[in-house]
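Colleague: Hi! Could you walk me through this one when you have a minute?
Modeller: Happy to, let me put it on the screen.

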Amino acid sequence: MTIIRRRTLAGLAAALFLSWSGTPLLAQTVGGALVAGTYAGANSLDPHFISSTTARTFLSGIFESLVTVDENGSPIPMLAESYDVSVDGLTYTFKLRTNVTFHNGQALTATDVKASLERFGRISPEKIIMATVTGIDTPDDHTVVLTLSEPNPLFIDKLASPASPSSIIPASEAERELNEAGFIGTGPYQVAEWVPDNRFVMSKFTGYAPRTDAEGRDGLGGKKTAYLDKVTFLIMPETSSRIAALESGQVQFVDDVPPATAERLKSGGQINVVPLETFQMPALVFNFAKAPTSDIRVRQAILAALDLNEALPVVADNGPSTLDASFLYAGNALYSEAGSEYFNQANVEKAKALLAEAGYKGEQIVLNVGSLGIMTRMGLVVNEQLTNAGFNVLVQNMDVPTLLSSFTTDEGWNLATGGFGVQPFLGAYSWQRMINGPTNLSRSHNDTEMDALWAEFNAATDVPARAEIFSRIQGHTYEQAYFAKMGNVGQNYALSPKLGGFTSWPGPVRFWDVWLEP
Amino acid sequence: MIGFITKRLLTAVVVLAIVSLISFSLMQLVPGDPAVVLAGVGATADQVEAIRQAYGLDMPLPVQIGRWYLGLLHGDLGRSVLMGSPVTQVIAERLPATLSLTAIAFAISLVVGIAGGILAALNQDRWFDRFILASSAFGLSIPSFWLAILLIIVFSVNLTWLPAGGYVPLGRDPLGWAMSMILPAFSLALLQIGYLARITRTALVDVLSQDYIRTAVAKGIPHWRVVTRHAVRNALIPVVTVVGIIFSLMLSGSVVIETVFSIPGLGRLMSSAIMSRDYPVIQGTLLVTAAAFSLINLLVDIIYAVVDPRVKYD
């Protein structure tokens with residue numbers, strides 16, 4: 001009950017904010033410089049090669065794409081005024097907005113879009129999106145036509161993905177190789193300085209032309225306004241110094257605030273804490289290829305044994321969390337509760353019965369635990385619950401790169417601590433790589449039913465049909481026990497009370513439509 | 001002397017080649033693969049393989065090592081797998097921060113440590129000596145990360161005199177640079193101050209009880225001159241030895257301090273490279289660190305000869 005109420009309130013607050021942000025009801029202050037302390041730097045800041053949360057946050061104010069995502073992760077046009085899909089699903093025609101200029105003063109044209117998409121298709125980790133595109137034509141300066149070799153009903157969803165966005169940059173920059181393109185975008189902010197591992201500074205782009213067809217900010221799209229003159233991200237990996245910088249006034253915003261610190265800051269009354277309930281989905285991944293977890297009954301026994309009422313608060317370190325079986329966040333059009341009967345069963349008797357049926361005689365179950373805090377806590381609580389239920393668990397602690405290699409091999413592990421950060425937000429389609437085909441984490445090599453379900457999903461042309469199929473995919477994933485989702489785990493942001501307009505959402509942190517009161 | 005330096009420099013080249021070979025081989029033994037890290041969860045085997053090929057990680061180990069040495073001869077340390085930029089550039093970007101930090105910390109510990117040690121020895125068994133001994137024991141026992149956080153709470157949060165972290169390049173804002181360096185340099189120096197003060201005190205107490213000091217005093221040479229000219233100079237020999245060690249300890253201690261104070265230095269670069277298996281960066285930073293160690297040892301040997309005329313290198 002509490003959970004539902006909390007979510008409803010958050011939704012209401014978000015809805016209220018959206019309706020406010022376009023109107024002058026709140027006194028937005030123009031000008032000022034914000035300093036934000038962030039927990040990690042970014043390895044690459046190439047507009048087409050983004051592989052970390054921080055890089056997405058840094059660049060989301062700088063670059064824009066033809067289409068992007070709204071507050072719920074659904075696609076909306078951004079640099080495109082509008083787009084049309086031909087009846088056969090093979091031709092996508094984008095009409096560009098005519099008043100957009102790049103940070104270098106040059107006007108956006110179809111040639112820039114073509115060159116950018118070609119570069120995206122060449123170097124992006126998400127370049128597979130462009131694999132079915134056979135032609136990019138520019139009949140005039142503000143029209144771009146993409147031709148596909150086969151229908152791909154999810155093409156727009158994928159093109160709008162903020163994971164490693166299809167940023168539009170000037171054609172002259174698009175000729176450059178990986179990590180050599182300049183920071184010239186069309187966003188409300190432009191890059192002023194980038195010192196790796198130290199700071200990322202952006203300043204207001206005075207030539208920015210916002211969309212006029214929206215009330216205000218909507219996800220990464222809508223009508224964006226840069227109120228601040230300057231935003232500096234300081235990279236501060238050590239939590240205590242990041243918090244100290246906030247308390248001393250050196251910075252006005254910090255991310256990744258540990259729950260215990262958040263409580264202390266809240267009780268002090270000088271700092272505002274904004275939780276993000278849906279930051280990630282920690283999960284215990286099962287290996288289908290190695291005994292004894294190759295037996296579905298053993299995997300189902302593990303699902304049965306887990307008591308998430310006890311485990312989730314441990315995993316979340318008593319921070320924001322919700323017990324929710326779905327693979328997507330509430331609010332997503334494809335949200336489903338399918339398979340929830342397998343979630344949080346806390347039924348040791350059922351687990352023992354399943355183990356007896358499988359003929360389990362105490363064979364070792366190797367649990368690979370990563371060195372991140374959340375993984376360590378998950379490893380501890382899972383080990384204890386499974387051992388109590390009669391499993392013979394061997395815990396192997398390792399750093400994250402070693403853990404990641406587990407998912408590329410059939411041998412050496414039965415269970416591994418893992419989790420999903422971007423998939424729940426990006427949407428249903430992004431789950432395919434995780435649970436189907438050669439890249440699935442669970443080393444499942446011949447699940448023909450899963451193959452068929454995804455083929456059906458990828459061919460579905462409307463949202464209700466996709467929702468129905470994805471519901472079956474989620475149910476099948478639980479039935480086959482690909483992994484045990486532990487729940488949704490959030491994180492906290494802490495900010496100065498003078499920082500107005502900030503709201504949390506599962507996407508990159510946004511500093512447009514945010515202002516500093518004097 | 002010139003012959004000695006040349007010989008030592010040549011030995012250093014051999015040492016560096018061996019260090020690189022060992023680190024190259026050790027990295028291969030550690031599980032985990034930079035291509036997997038870069039490709040991310042859910043990447044296809046083809047994607048991982050493409051990255052491996054792009055960075056030459058698919059080649060046999062001897063070929064990889066050979067290519068690396070060949071590049072080194074041309075001043076090329078390869079490209080960072082995760083950042084994409086040349087390793088020399090990545091290191092050059094981080095070097096000023098680490099140099100600032102260690103140089104200031106080194107200067108603080110030399111001045112405060114040696115002066116404290118001298119004053120303690122001259123006031124042997126009096127309250128000042130006991131105070132120096134007690135505070136150096138305190139300095140030696142405090143973990144640097146704990147001290148760092150304590151200093152942040154006092155000077156940044158409560159007094160708001162100094163920033164809690166971050167690095168300002170010297171060229172951009174000298175005052176900001178100095179402000180950003182005070183707390184980290186002091187945190188790094190404190191342990192070494194205690195160490196140096198104790199060594200200096202012991203050496204000087206020993207020298208002060210020597211016959212030639214009594215002779216000097218008996219000849220009527222003023223006290224300060226006996227101390228500076230005769231005693232301290234002789235007491236410095238064991239101190240010079242530990243100075244080399246202290247500098248090495250500071251380079252390794254900077255990993256922790258750079259993390260706590262958010263300083264973009266070599267230490268943080270190396271630890272994050274290890275965590276992401278960025279082989280070329282690990283190789284490059286190790287090479288630079290090993291070169292710094294060799295150079296410092298050479299300098300220490302040269303200083304020996306300057307301080308102690310009995311030491312001669314031929």
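Modeller: What follows is a short tour of a predicted model.

Colleague: Great. How many residues does each chain bring to the contact?
Modeller: Chain B brings 38 residues and chain A brings 35 residues.

Colleague: And which elements of chain B give two or more residues to the side that touches chain A?
Modeller: They are α2 (34-39), α5 (87-122), α7 (144-158), α10 (223-260) and α11 (266-275) of chain B. The most comes from α7(B), which gives five residues.

Colleague: How does that side divide by class, nonpolar, polar and charged?
Modeller: On the side of chain B that touches chain A there are 20 nonpolar, 13 polar and five charged residues.

Colleague: Staying with chain B, what does its domain assignment give?
Modeller: The assignment gives domain 1 (2-73) and domain 2 (97-307). Their C-alpha centres lie 33 Å apart.

Colleague: How many residues are in contact between those two domains?
Modeller: In chain B, 15 residues of domain 1 are in contact with twelve residues of domain 2. On the domain 1 side, the elements that give two or more residues are α1 (2-29) and α2 of chain B. The largest share, ten residues, comes from α1(B). By class, that side of domain 1 has ten nonpolar, three polar and two charged residues.

Colleague: Which residues of α11(A) are buried?
Modeller: A:M375, A:R377, A:M378, A:G379, A:V381, A:V382, A:Q385 and A:L386 are buried. The buried residues of this helix pack against several elements of chain A, among them β14 (272-286), α8 (296-305) and β16 (364-370).

Colleague: And what follows the helix?
Modeller: α11(A) is followed by A:G390, which has a positive phi, near 100°.

Colleague: You mentioned β14(A). Which strands does it pair with?
Modeller: β14(A) runs antiparallel to β20 (residues 488-495) of chain A, joined by six bridges, and A:V274 stands opposite A:Y493 there. Six bridges also join β14(A) to β18(A), again antiparallel, with A:A416 as the bridge partner of A:V285. With β19 (residues 483-485) of chain A, β14(A) pairs in the antiparallel sense over three bridges, and A:L284 stands opposite A:A484.

Terms used. Residues numbered from 1 in each chain as written. Chains lettered and ligands numbered in written order. Predicted model: local features only at pLDDT ≥ 70, side-chain atom pairs only at ≥ 80, totals over all residues. Contact = placed C-beta atoms within 7 Å. Helix = DSSP H or I, 4+ residues; strand = E, 2+ residues; numbered from the N terminus. Nonpolar A, V, L, I, M, F, W, Y, C, P; charged D, E, K, R; others polar. Domains from an automatic or database assignment. Buried ≥ 20, exposed ≤ 12 C-beta atoms within 10 Å, placed from the backbone. Pairing = 2+ DSSP bridges.
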